[in-house]
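Dear colleague,

I am passing on the structure below, together with some notes on how its parts are arranged. Please read the notes with the coordinates open beside you.

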Amino acid sequence: MNILVTGGAGYIGSVVAEELVHAGHEVLVYDSLYKGHRRAVVDGVQLITGDLMDNERLGHTLKASKVEGVVHLAADSLVGESVISPGKYYNNNVTAGLVLLEEMRKCEISKIVFSSTAAVYGEPQKQPIQESDPINPTNPYGETKFAFERALQWYEKAYGIHYASLRYFNAAGATDHCGEHHDPETHLIPLVLQATAGKRPFVEIYGDDYDTSDGTCIRDYIHVTDLARAHVLALDILDSRSSTYNLGCGGTGYSVREVINVATEITGRECPVRVGKRRAGDPAVLIASSDKIREELGWSPEQQSLHSIIESAWKWMRTRPNGYEE
Ligand SMILES: NC(=O)c1ccc[n+]([C@@H]2O[C@H](COP(=O)([O-])OP(=O)(O)OC[C@H]3O[C@@H](n4cnc5c(N)ncnc54)[C@H](O)[C@@H]3O)[C@@H](O)[C@H]2O)c1
């Protein structure tokens with residue numbers, strides 16, 4: 001198929017584009033590059049620089065390239081920022097998403113895979129989290145992602161656009177070509193690796209008095225290639241139906257201390273750490289169940305071990321000490 005990947009110059013989108021090419025699709029990335037990187041776009045993929053809000057450019061791109069399906073990853077995704085600037089999140093994650101849906105409708109494109117988030121569940125009552133568990137986002141990031149999920153349901157009803165919404169927590173790791181380069185960086189694994197490499201003075205642990213084996217929070221990390229494969233696989237259902245799937249690491253997750261210990265082992269260097277206070281709204285454990293996508297689509301993570309996730313991220317960081325910059 002001819003697939004357009006919004007946000008395909010970003011971290012996860014670049015790997016989704018890479019996996020789509022491997023699966024034999026024709027791939028076009030649509031990205032404003034306001035956070036993404038031209039160099040993250042792999043060979044064989046065409047980059048169109050444009051903002052989702054530019055409906056004329058977007059519509060022309062969809063039509064001229066005979067796009068048949070869309071994987072939508074372009075978004076703002078910083079939880080803290082979303083609390084301070086909710087309007088920015090409603091604009092980019094909802095309004096710009098609606099521009100995309102309208103242009104898809106006009107071009108009669110009826111397939112979309114949406115990169116949602118497990119933040120839609122807020123602070124869940126039980127673990128691992130299933131798709132049927134209550135939706136209760138605690139910040140505008142999760143709220144706006146869920147608002148777009150709801151819009152997808154109405155667009156399906158009105159225009160027959162089929163969707164697959166994928167909800168997950170922490171993407172991590174790298175491929176040979178694509179890795180994590182965010183500014184600011186807020187994700188634990190790159191922060192820990194930067195601290196071990198001396199690029200930041202320390203990593204802060206937000207509380208070590210949780211009711212977990214070592215007192216630090218336990219989280220779900222999925223290798224970015226496994227996530228990308230799920231996006232590609234989800235395209236398969238869209239001929240006939242829509243669905244929502246969680247994606248989780250499949251195990252019991254990893255504590256902040258475990259991440260630091262494994263990173264220390266892999267890099268052979270100490271990671272300077274500072275233990276701070278708990279952050280408001282940080283549950284002790286957050287793990288998503290992947291049972292539904294395993295059963296329906298046969299997806300399972302192939303690089304589940306924390307070791308292989310951190311090893312790939314470290315390899316990428318050593319090859320590109322300045323990320324995608326010269
Ligand atoms: N990184 C994670 O751990 C994680 C976890 C759950 C969900 N997600 C979701 O996955 C998606 C990708 O996350 P990421 O970490 O790769 O983010 P990223 O910031 O690396 O990539 C997002 C890309 O979208 C582009 N973009 C943003 N707004 C745009 C617009 N209006 N028009 C055109 N391009 C635009 C940016 O330039 C960037 O290249 C996001 O939707 C995010 O909410 C990420």
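In the model, which is a predicted one, L166 stands opposite Y245 in β11. That position belongs to the pairing of β6 with β11, which runs in the parallel sense over 5 bridges. Helix α2 (residues 55-64) packs on the sheet, where it touches β1 (2-6), β2 (26-31), β3 and β4, and its direction makes about 180° with that of β2.

The sheet itself is open and is formed by 7 strands in the order β3-β2-β1-β4-β5-β6-β11, with parallel pairing. Its edge strands are β3 (46-49) and β11, each of which pairs on one side only, and the twist averages 20° from one strand to the next.

Helix α5 (residues 140-159) deserves a separate look. Its 20 residues, at 1.5 Å a residue, should span 28 Å, and its end C-alpha atoms are 28 Å apart, which agrees. The buried residues of α5 are P140, Y141, G142, T144, K145, F146, F148, E149, A151, L152 and Y155, and what covers them includes the strands β4 (69-72), β5 (111-115), β6 (162-168) and β11 (243-247) as well as the helices α3 (79-84) and α4 (86-106). After α5 comes G160, whose phi is positive, near 70°.

As for the pair formed by α4 and α5, their axes come within 9 Å and cross at roughly 20°; since angles under 35 degrees count as roughly parallel, the two helices are therefore roughly parallel to each other. The crossing in which α4 passes α5 is right-handed. On the α4 side the contact is made by residues including Y89, Y90, V94, L98 and L101, and on the α5 side by residues including Y141, F148, A151, L152 and Y155.

There is also an open sheet of 3 strands, in the order β12-β9-β14, whose pairing is mixed. β12 (254-255) and β14 (285-286) stand at its edges with a single partner strand each, so one side of each is left without a neighbour in the sheet. Strand β9 (residues 218-219) pairs with β14 in the parallel sense over 2 bridges, and within that pairing the bridge partner of I218 is V285 in β14.

How values were computed: Residues are numbered from 1 along each chain as its sequence is written. This is a predicted model: local features need pLDDT of at least 70, side-chain atom pairs count only at pLDDT 80 or more; totals for chains, interfaces and linings use all residues. Side-chain values use heavy atoms; hydrogens and water are left out. Two strands pair if DSSP finds at least two bridges between them. Helices (H or I, at least four residues) and strands (E, at least two) are DSSP runs, numbered from the N terminus. The expected span of a helix is 1.5 Å times one less than its number of residues. Buried means under 20% relative accessible area, exposed over 50%, partly exposed in between (1.4 Å probe, protein chains only). Contact means heavy atoms within 4.5 Å. Axes are lines fitted to C-alpha atoms, for helices over the stretch in contact, and angles run from 0 to 180 degrees between N-to-C directions. Angles under 35 degrees count as roughly parallel, over 145 as roughly antiparallel, 65 to 115 as roughly perpendicular and the rest as oblique. A crossing is left-handed if the near helix is turned anticlockwise from the far one by less than a right angle, and right-handed if clockwise.
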